[in-house]
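This briefing goes through a few local features of one protein chain. Look at the sequence and the model first, then read the points below.

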Amino acid sequence: MFERFTKDARDVVKGAVAHAEQAGARSVGTEHILLALLDREGSRASFVLGALGLAGRREPVRAALEQARRRGGLTKAETDALAGLGIDVPEIVARVEEVHGAGALSGDRRGGGRRSGHRPFEPGAKDILTGALRAATARRDRRIGDEHILLALTARPGVPAEVLADHGVTYESVTRVLPGSGGEAKAG
């Protein structure tokens with residue numbers, strides 16, 4: 001599948017690995033893919049994100065991803081559902097962090113220094129890459145570009161899709177802004 005990735009899409013994957021490494025994460029998650037997409041310039045996905053006004057709101061997106069990480073990866077909808085059952089997630093996070101330190105629920109226990117080397121992709125991140133292939137196929141594109149990765153992120157339920165939607169970037173808005181289908185992804 002990776003032989004069909006454009007240079008831009010490959011750069012997103014490499015960027016996601018770099019973000020995971022910088023964070024000291026054991027594996028590459030969907031949030032790392034989103035962060036790598038936000039770093040892109042001059043690609044089809046960066047054009048779409050800019051057209052939807054996200055280019056100027058990168059820091060709020062990063063902050064929202066950090067908040068979700070601190071909640072153990074729970075979306076706001078999941079947090080609200082738990083609140084309906086009488087479970088106060090922010091209170092639990094505060095108590096756990098009080099005892100174990102900030103980010104204790106994130107699952108990224110560093111365990112003695114920075115770890116470098118191979119970082120596997122989490123199942124959700126693998127789903128995004130597979131979803132990018134499906135998005136390219138559905139659009140009749142021969143190559144998988146970073147715009148297909150963006151489409152896959154917006155189509156898969158989870159924190160990245162929720163954060164993007166909070167900033168006006170949904171599957172529907174991306175497909176509306178993305179230049180027509182058919183043919184090859186131009187960037188990369």
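In this predicted model, F5 sits in the segment that precedes helix 1 (7-23). F5 counts as buried because its relative accessibility is 0%, and buried means under 20%. The points below cover its surroundings, the salt bridges and a surface patch.

**Surroundings of F5**
- Apart from neighbours within four places in sequence, F5 is in contact with R10, V13, L129, R143, I144 and I149.
- F5 and H148 are 143 residues apart in sequence, while their C-alpha atoms are 9.8 Å apart in space.

**Salt bridges**
- The count of salt bridges comes to ten.
- K7 and D11 form one of them, with their closest N and O atoms 2.7 Å apart.
- K7 and D11 are four residues apart in helix 1, so about one helical turn separates them.
- A network of salt bridges links K7, D8, D11 and R40.
- E147 forms a salt bridge with R44, and the closest N and O atoms are 3.1 Å apart.
- Because E147 lies in helix 8 (residues 146-155) and R44 in helix 3 (residues 44-51), this pair ties together parts that are 103 residues apart in sequence.
- Both E147 and R44 are buried.
- R62 and E59 meet through their side chains in a salt bridge of 3.4 Å, N to O.
- R62 and E59 are three residues apart in helix 4 (residues 58-70), so about one helical turn lies between them.
- R62 is partly exposed at 23% relative accessibility, whereas E59 is exposed at 55%.

**Surface patch**
- L85, I87 and I92 form a nonpolar patch on the surface, and together they have about 280 Å² of accessible area.
- I92 is located in helix 6 (residues 89-100).
- With a relative accessible area of 41%, I92 is partly exposed.

Definitions and conventions
Residues are numbered from 1 along each chain as its sequence is written. This is a predicted model: local features need pLDDT of at least 70, side-chain atom pairs count only at pLDDT 80 or more; totals for chains, interfaces and linings use all residues. Side-chain values use heavy atoms; hydrogens and water are left out. Patches are made of residues with over 30% relative accessible area and no salt bridge: like charges are joined within 9 Å, nonpolar side chains (Val, Leu, Ile, Met, Phe, Trp, Tyr) within 5 Å. Accessible areas come from the Shrake-Rupley method with a 1.4 Å probe; for residues, only the protein chains shown count as cover. A salt bridge is a side-chain nitrogen of Lys or Arg within 4 Å of a carboxyl oxygen of Asp or Glu. Helices (H or I, at least four residues) and strands (E, at least two) are DSSP runs, numbered from the N terminus. Buried means under 20% relative accessible area, exposed over 50%, partly exposed in between (1.4 Å probe, protein chains only). Contact means heavy atoms within 4.5 Å.
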